[in-house]
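Here are my notes on this model. Please read them alongside the coordinates.

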Amino acid sequence: MNKKWVAKRLTINLTSSETEKLEKYCSITGRPATDVIRELIRSVPIEEVQNAN
């Protein structure tokens with residue numbers, strides 16, 4: 001897969017329980033946090049929100 005990435009650095013503040021949950025998920029799945037967060041962002045149903053307005 002050949003993607004052109006336009007990098008944007010993002011800093012987020014997580015609670016300790018959110019951090020723990022993310023780290024545990026990454027440990028179980030063997031996936032890096034960056035991939036998990038990207039997948040979650042991609043799954044946000046933006047079209048549904050736009051249609052509701």
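1. How much space lies in the largest pocket? About 450 Å³. A pocket here is an open set of points on a 1 Å grid over the protein atoms alone, where a 1.4 Å probe fits, with protein on both sides within 12 Å along at least five of seven lines. The volume is the space filled by probe spheres set on the points.

2. This is a predicted model: local features need pLDDT of at least 70, side-chain atom pairs count only at pLDDT 80 or more, and totals for chains, interfaces and linings use all residues. Residues are numbered from 1 along each chain, and side-chain values use heavy atoms, without hydrogens or water.

3. The largest pocket has 13 lining residues (an atom within 4 Å of a point). K8, L10, T34, I37 and R38 lie nearest its centre. The lining divides into eight nonpolar, one polar and four charged residues.

4. Salt bridges number two (a side-chain nitrogen of Lys or Arg within 4 Å of a carboxyl oxygen of Asp or Glu). E39 pairs with R31, closest N and O atoms 2.7 Å apart. D35 pairs with R38 at 3.4 Å. D35 and R38 both lie in helix α2, three residues apart, about one turn.

5. Why does R38 count as partly exposed? Because its relative accessible area is 33%, and the class runs between buried (under 20%) and exposed (over 50%), with a 1.4 Å probe and protein chains only. D35 is also partly exposed, at 32%. I41 in helix α2 is exposed, at 53%.

Terms used
Helix = DSSP H or I, 4+ residues; strand = E, 2+ residues; numbered from the N terminus. Nonpolar A, V, L, I, M, F, W, Y, C, P; charged D, E, K, R; others polar.
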